[in-house]
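Please consult the sequence and the model shown here alongside the text.

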Amino acid sequence: MKAKIKFSRFATILTAVILVVLFIGCIATIGEKPMFFTLLVIYVILLFSGLMYGAAYIKADSDHITMGSIIRSRKIPVRDIESVGLFQPATGAVRVFASGGFMGFWGVFRERGIGRYYAFYGKSSDCFLVRMKDGNKYVLGCEHPEVMVGYIKTQLEA
């Protein structure tokens with residue numbers, strides 16, 4: 001089962017504003033080489049990071065849950081999952097090493113209720129929590145999270 005990740009309005013606007021402002025900054029500083037190259041490097045690093053780690057889709061099968069970005073994907077073995085259920089992350093979660101909206105929400109967060117977790121979602125209302133047997137936690141999100149959670153639970157019972 002595969003589901004796309006839809007970004008929240010905030011994440012969409014933030015991503016667009018950052019990319020447009022940096023692009024305009026590059027064009028505006030084309031005559032000032034040090035500033036131009038600094039902005040260009042920042043632009044390329046942010047764009048590459050977003051394409052590499054930004055949330056694009058979630059795919060689940062009998063063996064893995066795949067967190068897919070445009071360039072790369074990361075897999076979670078189903079056999080190592082302890083539980084899965086719907087979850088809504090708090091808006092006050094602390095970003096330890098994460099993106100708080102640029103190309104989605106991804107990276108390591110810390111929240112008072114559940115502690116440290118890896119996030120990979122576009123909208124907080126579309127999330128579910130995957131608890132691993134080793135204590136790690138993943139907050140994932142996609143369209144129709146209740147269907148995805150149901151599917152993953154059936155794979156855990158099989």
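The points below are grouped by topic, after a note on conventions.

This is a predicted model, in which local features need pLDDT of at least 70 and side-chain atom pairs count only at pLDDT 80 or more, while totals for chains, interfaces and linings use all residues. Residues are numbered from 1 along each chain as its sequence is written, and side-chain values use heavy atoms, with hydrogens and water left out.

**Cysteines**

- The structure holds zero disulfides, a disulfide being a pair of cysteine sulfur atoms within 2.5 Å.
- Cysteine 127 is in no disulfide, and the nearest cysteine sulfur to it, that of cysteine 142, is 8.9 Å away.
- Cysteine 142 is likewise in no disulfide, with the sulfur of cysteine 127 as its nearest cysteine sulfur.
- Cysteine 127 has 2% relative accessibility and therefore counts as buried (buried means under 20% relative accessible area, exposed over 50%, and partly exposed in between, with a 1.4 Å probe and protein chains only).
- Cysteine 142 is also buried, its relative accessible area being 1%.

**Aromatic pairs**

- The model contains six aromatic pairs; rings of Phe, Tyr and Trp (its six-membered ring) pair if their centres lie within 6.5 Å, and planes under 30 degrees apart count as stacked, over 60 as edge-to-face and the rest as tilted.
- One of these pairs joins tyrosine 53 and tryptophan 106, which are stacked because their ring centres are 5.7 Å apart and their planes are at 20°.
- This pair links distant parts of the chain, 53 residues apart: tyrosine 53 belongs to helix H2 (residues 33–53) and tryptophan 106 to strand E7 (residues 104–111). Helices (H or I, at least four residues) and strands (E, at least two) are DSSP runs, numbered from the N terminus.
- Tyrosine 53 is partly exposed at 33% relative accessibility, whereas tryptophan 106 is buried at 13%.
- Phenylalanine 105 and tyrosine 121 form another stacked pair, with 5.1 Å centre to centre and 15° between the planes.
- Here too distant parts of the chain are linked, phenylalanine 105 lying in strand E7 and tyrosine 121 in strand E8 (residues 115–121), 16 residues apart.
- Phenylalanine 105 is buried at 14% relative accessibility, and tyrosine 121 is buried with a relative accessible area of 5%.

**Charges over rings**

- Lysine 2 lies over the face of tyrosine 57, at 4.3 Å from the ring centre; a charge sits over a ring if NZ of Lys or CZ of Arg is within 6 Å of the ring centre and within 35 degrees of the ring normal.
- The charged end of arginine 74 is placed over the ring of tyrosine 118, 4.8 Å from its centre.
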